[in-house]
Amino acid sequence: MRTFLIFFFALYGSLHLYAFLKIKNAFDLSKQSGLFIALFMAVMIVAPIIVRLSEKAGHEFFARVMSYIGYFWMGILFLFISISLIIDIYRLLLYAGSYLMRKDFSIFLPSGHYAFYVPLALSLLIVLYGYFEALNIRTQRITIKTSKIPEEVGQVRIVQISDVHLGLIVREKKLRRILKEVQAAHPDILVSTGDLVDGQINDLSGLSELLKEIKPRYGKYAITGNHEFYAGLEQSLVFTEKSGFKILRGEGLTMAGIINIAGFDDPQGKTYGLYNEVAERDLLSGFSREKFTLLLKHRPLVDKDANGLFDLQLSGHVHKGQIFPFSIITGLYYPVQAGFATLSERSKLYVSRGSGTWGPPVRFLSPPEVTLIDLVHEGM
């Protein structure tokens, strides 16, 4: 965790330095103006720590205000840097072309003001659009035909929520939007594939009661995500259980004699010494191959030793990058960061884009979803 924080703040600080140099290049800053901007950026760099300490001290209103300011700023900064880099690459290519071709292309070079205002304006517009996109919960529908669902049962409907991140920003209003989609789907089974809570969960009054109102006939099942460990595993588990979920931590069961369900802890638990170490192959091998086996894992990583021992793995975690072009970066590590994929003749993977947001309450080209999976007897 300490290594991650050092890396995060070093990277985040570097992005602020880049943005500060952009501002300085665009304007003739006075000493006072430069100092004010630098101080503001310094506060924004440590805003996540300020938020956490404020909430721990019981200053929830201040913590929430700082969350909105700090995380909206994070989204704007990321987009500003991304667009500015494109302009800088364009400028670099022009300089290279001028040198190699011995021609003056300076007429095509954007001014310092232009190179600042265009990224800023686009960033603000995208964040405004992305705020409303994050509120637009979509139901993603998938149908899987299989002989492993008994003919007399016909169909089993699984609804997946993932990465809700209940905390200071995602509250009752957003949760009600998500649960409206869940209720409309009339699930037989509801699963939460991790990060139901965020890193700040000191007060989630009333939210577990809303989740508890959903009562599928075959039950509700949840696994831990990395944020359950950030928030404090014990209180995260208490909240999840109060919400009516059975938590699967390296364990499985056969639900109503119809479907096998297995779930595993997120690897983040190893950092805290709280990971339930159970080999996927060992657990899944104990299930009947005649029944459909559902595997719940927060991260969309597939254990090659377990591939073929489950029918469908449901995951989340990646948010499909949440704000494009961050999806380009996440795609380098996760081969499947959203959607459906065939892993082998027997095993499939579905990765949710997530139902809520982490950090900036913004999504761009990655709308939030509630996933509806119908398992249908193949003869129907």
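Trainee: How many residues of the lining of the second largest cavity are nonpolar, how many polar and how many charged?

Mentor: This is a predicted model. The lining divides into 4 nonpolar, 2 polar and 1 charged. Ala222, Ile223, Thr224, Glu228, Leu237, Thr240 and Ile247 line this cavity. Ala, Leu and Ile count as nonpolar, so Ala222, Ile223, Leu237 and Ile247 belong there. Glu counts as charged, so Glu228 is the charged one.

Trainee: What makes a space a cavity and not a pocket?

Mentor: The way out. In a cavity a 1.4 Å probe fits but cannot get out, whereas a pocket is an open set. Rolling a probe the size of a water molecule over the atoms shows where empty space is left.

Trainee: How many cavities of 30 Å³ or more are there?

Mentor: The count comes to 2. The largest cavity holds about 90 Å³.

Trainee: Which residues line the largest cavity?

Mentor: Among them are Ser67, Tyr71, His165, Asp198, Gln200 and Trp358. This lining divides into 5 nonpolar, 6 polar and 1 charged.

Trainee: How much space lies in the largest pocket?

Mentor: About 2,000 Å³. Its lining has 50 residues, with Phe4, Phe8, His227, Phe326 and Trp358 nearest the centre. Helices H1 (2-26), H3 (47-56), H4 (60-101), H8 (226-231) and H11 (326-333) each give two or more residues to this lining.

Trainee: How does the lining of the largest pocket divide into nonpolar, polar and charged?

Mentor: It has 30 nonpolar, 14 polar and 6 charged residues.

Trainee: Now the sheet. In what order do its strands lie?

Mentor: The order is E6-E7-E8-E9-E11-E10, 6 strands in an open sheet with mixed pairing.

Trainee: Why are E6 and E10 called edge strands?

Mentor: Strand E6 (251-255) and strand E10 (339-342) each pair on one side only. Neighbouring strands of this sheet are turned by 20° against each other on average, direction ignored.

Trainee: How do you know that E6 and E7 pair?

Mentor: Two strands pair if there are at least two bridges between them. E6 and strand E7 (residues 259-263) have 5 bridges, so they count as a pair. Their sense is antiparallel. Leu253, for one, stands opposite Ile261 in E7.

Trainee: What holds paired strands together in general?

Mentor: Strands of a sheet pair through backbone hydrogen bonds, either parallel or antiparallel.

Terms used: Residues are numbered from 1 along each chain as its sequence is written. This is a predicted model: local features need pLDDT of at least 70, side-chain atom pairs count only at pLDDT 80 or more; totals for chains, interfaces and linings use all residues. Side-chain values use heavy atoms; hydrogens and water are left out. On a 1 Å grid over the protein atoms alone, a cavity is a set of points where a 1.4 Å probe fits but cannot get out, and a pocket is an open set with protein on both sides within 12 Å along at least five of seven lines; lining residues have an atom within 4 Å of a point. Grid points are joined across faces, edges and corners, and a volume is the space filled by probe spheres set on the points. Helices (H or I, at least four residues) and strands (E, at least two) are DSSP runs, numbered from the N terminus. Axes are lines fitted to C-alpha atoms, for helices over the stretch in contact, and angles run from 0 to 180 degrees between N-to-C directions.
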